[in-house]
2 protein chains.
Amino acid sequence: MSVVSEPAAPSMRTAVPGPATHKTKEELDAVIDARTVQMVIDYEKSIGNYITDVDGNTYLDVYAQIASIPVGYNNPTLVKAATSPEIVSALVNRPANGNFPSTRWLALLREGLMRAAPPGCTQVFPAQSGSEANDLAFKAAFMAYRQQQRAGSPWTECEQETAMKNQAPGSPDLAILSFRNSFHGRSFGMAPGYFPLLKYPLEAHVQENAQEEERCLQEVENIISSWHCPVAGIIVEPIQSEGGDNHASPAFFQKLQAITKAHGITLIVDEVQTGFGATGKFWAHEHWALPSPVDIVTFSKKAQTAGYFFSDENLRPDKAYRQFNTWMGDAARIIICNAVIDEILSKKLVEKTAQVGVVLYNRLAALADKYPNWIQNLRGKNKGTYIAFDTPDSSTLLKKMRELGINIGSCGVQTVRLRPMLIFEEDHVAPLLAAFETAFSQLT
Amino acid sequence: MSVVSEPAAPSMRTAVPGPATHKTKEELDAVIDARTVQMVIDYEKSIGNYITDVDGNTYLDVYAQIASIPVGYNNPTLVKAATSPEIVSALVNRPANGNFPSTRWLALLREGLMRAAPPGCTQVFPAQSGSEANDLAFKAAFMAYRQQQRAGSPWTECEQETAMKNQAPGSPDLAILSFRNSFHGRSFGMAPGYFPLLKYPLEAHVQENAQEEERCLQEVENIISSWHCPVAGIIVEPIQSEGGDNHASPAFFQKLQAITKAHGITLIVDEVQTGFGATGKFWAHEHWALPSPVDIVTFSKKAQTAGYFFSDENLRPDKAYRQFNTWMGDAARIIICNAVIDEILSKKLVEKTAQVGVVLYNRLAALADKYPNWIQNLRGKNKGTYIAFDTPDSSTLLKKMRELGINIGSCGVQTVRLRPMLIFEEDHVAPLLAAFETAFSQLT
């Protein structure tokens with residue numbers, strides 16, 4: 001076991017949620033909307049893959065703060081970073097990084113964060129949440145589109161005036177195409193295309209699935225040519241995560257990129273949930289073997305900071321300050337991110353996640369043979385531990401799993417999604433699978 | 001002087017920007033758009049009101065990271081918070097606060113952040129940037145508006161289906177009215193009203209300014225009644241800050257609130273730049289003496305964290321998870337914010353800022369008599385140190401001031417804005433005024 005002093009198994013002391021959780025939740029609700037609170041956590045007692053609540057219950061956590069905790073609770077490398085003089089200064093003297101960066105900013109980015117840059121991406125724009133990262137990426141796509149249309153001619157006076165009033169021609173209507181059931185944060189809406197809905201197992205539905213993907217690509221072309229305003233970009237998740245863990249083939253994404261190239265528009269890959277290793281590649285879009293880099297990749301969650309990488313000087317706005325805000329990210333959070341990257345690289349956690357994912361998938365496939373009603377449409381083969389399945393009543397199953405000491409999440413309408421950390425190992429497969437089997441047998 | 005070991009005055013060693021700043025800026029530009037970088041800062045050497053750049057130049061900083069640094073560089077109370085075990089855990093074990101808050105979350109909010117709650121506001125929703133806070137506030141206003149329209153009837157199936165597609169009736173077109181020249185972050189646009197453009201000195205233009213405010217209020221009424229979709233809320237800055245430090249009278253804001261009450265829509269006060277004491281009140285809208293609390297107050301910058309306070313259970317969405325995201329703020333940043341609040345309250349910094357503001361304003365008014373071309377439309381009387389004036393060529397003046405060891409900012413088209421920290425004292429007025437006088441005499 002890689003995490004010293006991690007418990008060997010979950011241990012439960014009270015009903016779930018326990019009395020202390022109930023009490024705190026009630027008190028919280030006086031100052032904040034606490035209806036969504038599921039557990040109240042004693043993070044000091046949590047360690048590695050195990051999370052301990054205020055009632056003293058310890059769970060194996062394969063939800064990990066909605067797919068966010070990358071390398072385990074109280075990870076020593078992160079603790080070291082969180083107690084460094086560098087982070088104290090970044091916390092206390094928070095710079096407006098765009099105007100007054102610290103002497104350390106260059107190294108934090110160039111020798112730090114850029115180690116995570118996707119293939120072909122040479123630039124980064126830091127942000128503070130996945131939603132913010134996507135909003136910034138949309139603006140970058142809009143500006144690049146207009147820049148291309150303008151073909152080097154300067155802004156007209158009329159464009160400058162109308163832009164200040166949020167009117168055309170300075171602020172023309174432009175759209176980003178996103179896919180139905182996609183989730184790109186809680187920002188305002190977009191032109192909706194259809195994401196493929198594949199049938200499982202993939203091997204048994206090759207032709208059908210290929211047709212479904214062709215249908216969706218045709219729909220994308222239709223929207224681009226018929227939308228009421230120009231489509232300046234397409235945003236897509238490698239795996240539609242909140243939408244139910246919907247996958248598509250590398251061929252689909254290759255063709256999608258070809259469409260963006262043909263139309264001269266920006267391809268934004270939203271890797272907020274898929275990025276940083278869980279699919280068995282550092283970035284999920286590396287599974288696609290694209291002929292050229294994607295334009296923009298947004299990140300957050302496991303990165304513990306947020307922002308977007310981009311590949312092309314064309315995605316820098318033509319003028320300074322068009323893409324700007326006060327803080328432009330948080331150096332303190334980038335220091336933590338760099339510690340995460342240190343852990344991932346030095347311990348080969350992406351490669352390990354790819355390996356343990358194979359074991360986990362195979363064990364779940366075997367369990368699906370035994371409980372075909374409970375585990376349907378198992379998916380995520382060779383995608384690390386980014387595995388999901390449909391189940392008739394996910395909320396009852398999740399509740400039962402939590403009683404058995406497993407913290408686990410759902411997505412879509414009836415999907416259980418596994419989002420273990422990158423330190424989830426073969427040793428952790430047994431307690432997880434045992435709990436599933438107990439749950440299925442008790443609920444059947 | 002309150003900050004021990006603060007320099008007595010600025011000291012300059014190189015031309016501005018110096019060679020080390022140039023070099024770092026160039027290197028930064030390889031990985032990030034660095035065109036906006038003005039200085040590269042050695043934050044370890046910066047202290048109190050003084051900031052030191054990588055070239056060894058030390059400036060009196062009355063810009064404070066775009067109005068953000070509240071209580072001075074390397075403030076000991078903040079350093080203590082930044083080295084506490086609590087913050088280490090919050091940095092390392094970043095919770096999804098909406099689902100899995102820590103055992104400390106309740107105290108961080110109830111005994112911590114809520115000390116800053118504006119009069120009548122009993123609730124908080126944490127966020128990570130001013131833009132995010134405003135976006136969240138807009139959504140809260142939209143949901144409250146629809147809830148009121150729905151008058152307790154449940155969502156129809158059609159509403160639920162269309163909402164998922166971002167179409168009416170589930171997602172009807174709704175607008176937020178904002179004012180021209182306002183700045184509420186870099187999010188997407190809104191219905192623009194006119195903010196009053198007052199003439200200075202106020203005493204000499206009482207009737208004219210009252211008419212101007214009436215005209216703008218009438219325009220607000222017109223927009224609400226004629227906009228192509230319902231206006232669900234109004235967002236307003238107490239002082240339009242990026243737009244040029246435009247003020248309006250308490251009567252204007254009182255009437256604006258009355259309009260929102262009459263129409264049953266939400267009044268959002270954007271205190272991202274004005275909040276946390278710089279105007280001589282903790283919240284700038286406290287200057288208005290409103291008969292009832294405002295609905296939503298957004299904050300960021302000096303708070304060192306972000307979010308919105310709100311006054312009314314009606315602004316909680318009817319269902320859980322409608323207003324939600326992964327992190328829902330950053331407990332580490334809230335710990336820093338609580339240290340800021342500790343400093344402000346224990347050292348009476350709001351009251352002190354009100355006092356020093358009077359001195360600063362009067363000294364500037366005297367200087368304006370001497371240099372009437374350089375200091376025009378001086379404003380911010382009795383608004384703490386939140387003082388601004390127009391000047392014929394603000395960029396030349398700012399450059400000269402920086403050469404003289406003063407870091408200062410501009411806004412609008414031709415406005416110099418003072419944004420000193422809350423620890424700016426009478427001792428600091430002299431070097432600031434001396435630099436202004438030198439600059440004016442050298443530039444004239």
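Contact is taken here to mean heavy atoms within 4.5 Å. The structure is a predicted model, in which local features need pLDDT of at least 70 and side-chain atom pairs count only at pLDDT 80 or more, while totals for chains, interfaces and linings use all residues. Residues are numbered from 1 along each chain as its sequence is written, chains are lettered from A and ligands numbered from 1 in the order in which they are written, and side-chain values use heavy atoms, with hydrogens and water left out.

By the contact criterion, B:S11 touches B:G56, B:N57 and B:T58, residues up to four places away in sequence not being counted. B:S11 belongs to the segment that precedes α1 (19-28) of chain B; helices (H or I, at least four residues) and strands (E, at least two) are DSSP runs, numbered from the N terminus. B:S11 and B:G405 are 394 residues apart in sequence, yet their C-alpha atoms are 6.4 Å apart in space. With a relative accessibility of 37%, B:S11 counts as partly exposed. In this scheme buried means under 20% relative accessible area, exposed over 50%, and partly exposed in between (1.4 Å probe, protein chains only).

Chain A contains 13 helices and 14 strands. Its radius of gyration is 23 Å, close to the 22 Å given by the globule rule for 444 residues, so chain A is as compact as a globular protein of that length. The radius is taken over C-alpha atoms, and the rule is 2.2 Å times the number of residues to the power 0.38. Along the principal axes, the C-alpha atoms of chain A fill a box of roughly 70 × 60 × 45 Å. Of the 444 residues in chain A, 60% are buried. Among contacts in chain A between residues at least 6 apart in sequence, 73% join residues at least 24 apart.

Chain A carries 40 positive and 47 negative side chains, and the centres of the two sets lie 1 Å apart. Lys and Arg count as positive and Asp and Glu as negative, with His and the chain ends not counted. Each charge is placed at NZ of Lys, CZ of Arg, CG of Asp or CD of Glu.

The domain assignment divides chain A into domain 1 (19-74 + 349-443) and domain 2 (85-346). The contact between them takes 29 residues from domain 1 of chain A and 25 residues from domain 2 of chain A. Taken over C-alpha atoms, the centres of the two domains are separated by 28 Å. The bounds come from an automatic or database domain assignment.

Helix α8 was examined in both chains. In chain A, where α8 covers residues 206-226, the helix includes A:N209. A:N209 is buried at 7% relative accessibility. Apart from residues up to four places away in sequence, A:N209 touches A:L198, A:K199 and A:L202. In chain B, helix α8 (residues 206-226) includes B:I223, which is buried with a relative accessible area of 6%. Beyond its neighbours within four places in sequence, B:I223 is in contact with B:L177, B:A191, B:P192, B:G193 and B:V231. The C-alpha atoms of B:I223 and B:A90 are separated by 45 Å, the two residues being 133 residues apart along the chain.

B:W227 lies in the loop between α8 and β6 (231-236) of chain B. B:W227 is partly exposed, its relative accessible area being 31%. Residues up to four places away in sequence aside, B:W227 touches B:A175, B:A191 and B:P192. Between B:W227 and B:L174, which are 53 residues apart along the chain, the C-alpha separation is 9.7 Å.

Several backbone features were also recorded. A cis peptide bond, with omega about -10 degrees, joins A:V16 and A:P17; A:P17 lies in the segment before α1 (19-28) of chain A. The peptide bond from A:A168 to A:P169 is also cis, with omega near 0 degrees, and A:P169 is placed in the loop between α7 (157-164) and β4 (175-179) of chain A.

Positive phi values in residues other than glycine include that of A:N377, near 50 degrees, and that of B:Q65, near 60 degrees. A:N377 is in strand β10 (residues 376-379) of chain A and is partly exposed at 34% relative accessibility. B:Q65 is in helix α2 (residues 64-67) of chain B and is buried, with a relative accessible area of 1%.
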